[in-house]
Amino acid sequence: MESTASLPTKSVARQRLGEWWPYLLVLAFLVLFPAIAALTIGDSTAAQPGAGFFEQLVQRAESGYAKFWQGMVIQMLILGIFAMSYDLLLGYTGILSFGHAMFFGTGGYAIAILIGRNFNWPFGLALIAVVVIALVQSLVFGVLSLRVKGVYLAMVTLAFAEMFFILAEAGDFRAYTGADDGLHGFPVPAYLSATDHRTRFYYLALIFFVAVFLMTKRLVDSPTGRVMIASRDNENRAMMIGFNTFWFKLIAFVAAGVFAALAGALFALYNVSVTPSVLSVGRTIDALAMTIIGGVGTLVGPVLGAAIIQLLGYWLERWFGANWTLVYGIIFMLIVIFLPYGIVGTLRARSFRLREGWRRWRKLGDRD
Amino acid sequence: MDDSTILETRDLRRQFGGLVAVDGVSMKVQAHTLHTIIGPNGAGKTTFFNLLSGNIRPSSGRVLFKGQDITDQPAHRRAHLGIGRSFQITNVFPNLTVLENVRLAAQAVGHDSFKFWQHHRHFQQYEARAAAIVAQVGLAAQAGLPARLLPHGGKRKLELGILLAADPDLLLLDEPTAGMAREEIPMLMEVIQSVRAAGDKTIILVEHKMDLVMNVSDRISVMHQGRLLAEGAPLEIAANKTVQAAYLGDLYGDLTGRK
């Protein structure tokens, strides 16, 4: 009797741990990654003899392959934030946006312009401004585009994003945006330079990534998020039981917009450059592809998708040169055919069926 | 209007072009009873229902709920006043679990839906309420199942559960057994019966199959060609000569579902 009475409290803690340990494991790896990289693939000649262990570790982390791979992971984390924000729209709320690059690109341009020579704002203030701009932008375009649904919404968001793309490319604002050249070499604070302090930037990106992940996860698990999911599943019904789904979709749209803008700002800071391509449809398609490869509506899936696309881009380009996108396209097709719910989605549903995949594969040829 | 009347219609009329679907229906529904409306296809039952739930407006006449004139209130306002309505067409959240379907409906009546910084499990009251209702409609064993995997009868039960979760004072059930397998029907009728037995809710039921409603109804109204043909206790209706002659006589097969 006593043991059954004390069981619930114990099992709640255990249940929590049971839910969180995979995340904690990945987090531990990401936190230790610079050190691991320094010790395994770091350039040992970069370490000053006679320096302390920690100093040597930093020196090795800031050189050679260790530095390069930290850069790779930084980009994975940034694209991961972007993909998660897209999943919040597509996977959790059922909003198919073709204009998500609008927020990513605006975030990138905003930070570059504000800390650049025209404004010279302090970095912290510029970062806050990025959030405020994204809030206003996503509110305005959310209210405008959420009036329509499905494919129409996709078209409307595409049009809005193209508008920003054209604005960025326009010669009229060359003094601010650099027109089709974009902005390069704007004064990123020296303490955040990804060239000089790669590891420091790595931890900055990691902090942003973890923060966005936790906020998104809490949002989708909250009563608000549950209504988002409900409206994805059957919007009509959600309205009939008394939810005004517009507000819930707007919350998702704004949260996704702000997170995407943060990703864009980090992207600009890391590269110390922005070009109009950050606002292009291709950027949105990247997010869509990452989300689909990883698993729509799984949150961790899109992050995995971002990592896979980053790695594939690197390796395929080395192996196949300029034709790498062709191979990438084939791999993408195979994933969609054999893992229709994405990697994480399929794993969760345990619905991996080689035979079904083959059937879909064979069906491809059946169309006249 | 005396205190025990929860819903009253006064000379309710609805015309679609030249067709008078509901033709001057005056009806009183006593609180905490199960009042059934029967009648053949085209008798105007569903139109009458839509007038009660506010999905369509009457051409003339009034609808009073708890003594208050609600004729000009839209459907969602009436829902907030305590009128819950089910539809003939099954309409649930297919990919959400049975429990989540009901939990959402319970959450919809509360005031916590915009608390995006808290985990939904923090709001135990909705979960507890949902679990109780899921058990009440006989779906406890399937609580964790995605709603799309339920058989048709299960979905009808879930539909009723979603309706109950909103805790309305008046339930409008539009043919809740529509399309259900015969052997599943008694179970659903039992649930409706249990809601009636709990004694705190009023149910208006539209039904096609007369044999089903004879035992569970407190009162039966018979509609025919938009008009109220007869009203009374089930036994009175069964014994009513007018109903038998003008209605049960030639339409008996239609009413019982037997041909």
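## Helix packing and chain contact

Me: How do α3(B) and α5(B) run relative to each other?
Reply: Happy to look at this predicted model with you. The axes (lines fitted to C-alpha atoms over the stretch in contact, with angles from 0 to 180 degrees between N-to-C directions) of helix α3 (residues 98-109) of chain B and helix α5 (residues 152-165) of chain B come within 7 Å and cross at roughly 25°. Angles under 35 degrees count as roughly parallel. The two helices α3(B) and α5(B) are therefore roughly parallel to each other.

Me: How do the residues of the contact of α3(B) with α5(B) divide into nonpolar, polar and charged?
Reply: Residues are in contact if their C-beta atoms, placed from the backbone, lie within 7 Å. From α3(B) come V98(B), N101(B), V102(B), A105(B) and A106(B), and from α5(B) come L158(B), G161(B), I162(B) and A165(B). Ala, Val, Leu, Ile, Met, Phe, Trp, Tyr, Cys and Pro count as nonpolar, Asp, Glu, Lys and Arg as charged, and the others, Gly among them, as polar. The division is seven nonpolar, two polar and no charged.

Me: Which element gives the most to the side of chain A that touches chain B?
Reply: The contact takes 18 residues from chain A and 25 residues from chain B. Helices here are DSSP runs (H or I, at least four residues), numbered from the N terminus. On the chain A side, α8 (198-221) and α9 (223-240) give two or more residues. With ten residues, the one that gives the most is α9(A).

A note on numbering and confidence: residues are numbered from 1 along each chain as its sequence is written, and chains are lettered from A in the order in which they are written. Local features need pLDDT of at least 70 and side-chain atom pairs count only at pLDDT 80 or more, while totals for chains, interfaces and linings use all residues.

How values were computed
Angles under 35 degrees count as roughly parallel, over 145 as roughly antiparallel, 65 to 115 as roughly perpendicular and the rest as oblique. Two residues are in contact if their C-beta atoms, placed from the backbone, lie within 7 Å.
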